[in-house]
Amino acid sequence: MRRLLHEMNPSMKFLAVTACILTLAFFFNPWTPLLFFAGVVLLQLLLSQTNWKLWSLAMLPFLIGAFGYFWTTLVFGQSGDSPVLWTIGTIDITVQQWELAWSLSLRVLAFSSISLLFAFTTDPVHFIQSLMQQWKLSPKLAFSVLISYQFLPVLQKEFVQLQQAHRIRGTGSRSSIFKRLTESRRLLIPLLAGAVRKAERAAFAMEARAFTGEARTHYREITLAPKDFVLFALFSLVLTISCSAIFWT
């Protein structure tokens, strides 16, 4: 029960997330994104084993962005002809500005929550395999994307190693930020050269294993199960209830 979202077909989950985001883009009242945000968090709370501490850290930049949207809209938003709610110094905050500020900030939270749900409950390898099997994505393109994704931690590790090597030689201990920026080319050039060599070796390995875009068999079969359609219906239900707020507000 607590792993249903993790076990949901990744392609079906991606389709549900994309449909929710595209639909929410057409609703500008504050209640729709608020209800959707609450519904997504509830689904993730009941049907997933999310590390909520890590989720909170990932959500923090979006909260800061939402707050930025909120106060900038209150201060610089178009007031129109709506009545003034209150006045702070020389700033008049109208009903239109108040509703628009809440709408924009809650839309940020709604979009970020559904995106984090997908990120925290989806294995990248299973997602690529599902795209190949359900959506007939080219294996050549799919594995190229997967290899590029796996290069990121390798590049980060090599960057740290280069920094440590420069510190040992006494060339990486500059106190000035400007000098650090100018000397960063000593790190970037070997890092780029290593990345090119790894990409070339990966390309040769893929060609040797016949990753040429032709039909292939799969060791792990990603299938569609009845629970995938039930979970898709749950996403649709949350979206429908959220969108219906426009009729009773």
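1. Burial. In this predicted model, 32% of the 249 residues of the protein chain count as buried. A residue counts as buried when its relative accessible area is under 20%. That cut-off is needed for several points below.

2. Overall dimensions. The radius of gyration of the protein chain is 24 Å, whereas a compact globule of 249 residues would have a value near 18 Å. Taken along the principal axes, the C-alpha atoms fill a box of roughly 65 × 60 × 30 Å.

3. Elements and contacts. The protein chain has 11 helices and two strands. Read from the N terminus, the order of the elements is α-α-α-α-β-β-α-α-α-α-α-α-α. Take the contacts between residues at least 6 apart in sequence: 78% of them join residues at least 24 apart.

4. Helix H2, length. Helix H2 covers residues 10-24, which is 15 residues. At 1.5 Å a residue, H2 should span 21 Å, and its end C-alpha atoms are 21 Å apart, so the two values agree. The expected span is 1.5 Å times one less than the number of residues, because that is how the rule is set.

5. Asn9 caps the N-terminal end of H2, with a side-chain oxygen 3.0 Å from the backbone nitrogen of Ser11. Ser11 is itself one of the buried residues of H2; the others are Pro10, Met12, Lys13, Ala16, Val17, Cys20 and Leu24. The cover over these buried residues includes helix H1 (4-7), helix H3 (31-47), helix H5 (95-121), helix H6 (124-134) and helix H10 (226-243).

6. Cysteines. How many disulfides does the structure hold? The number is zero. Cys20, in H2, is in no disulfide, and the nearest cysteine sulfur, that of Cys243, is 8.4 Å away. A disulfide requires two cysteine sulfur atoms within 2.5 Å, so the sulfur of Cys243, at 8.4 Å from that of Cys20, is too far for a bond. Cys20 has a relative accessible area of 3% and is therefore buried. Cys243 is at 11% relative accessibility, so Cys243 counts as buried too.

7. The hairpin. Strand E1 (residues 84-88) pairs with strand E2 (residues 91-94) in the antiparallel sense, over four bridges. Two residues lie between E1 and E2 in this hairpin, and Gly89 in the turn has a positive phi of about 65 degrees. Two of the bridge partners can be named: Val84 has Thr94 as its partner in E2, and Thr87 has Asp92.

8. Thr87. Thr87 and Ser130 are 43 residues apart in sequence, and their C-alpha atoms are 55 Å apart in space. When looking at the strands, keep one general point in mind. In a regular strand, side chains alternate between the two faces of the sheet.

Technical notes. Residues are numbered from 1 along each chain as its sequence is written. This is a predicted model: local features need pLDDT of at least 70, side-chain atom pairs count only at pLDDT 80 or more; totals for chains, interfaces and linings use all residues. Side-chain values use heavy atoms; hydrogens and water are left out. Buried means under 20% relative accessible area, exposed over 50%, partly exposed in between (1.4 Å probe, protein chains only). Two strands pair if DSSP finds at least two bridges between them. Contact means heavy atoms within 4.5 Å. A polar contact is a pair of N or O atoms within 3.5 Å; within protein, one must be able to donate a hydrogen and the other to accept it, and residues adjacent in sequence count only if both atoms are side-chain atoms. The radius of gyration is taken over C-alpha atoms; the globule rule is 2.2 Å times the number of residues to the power 0.38.
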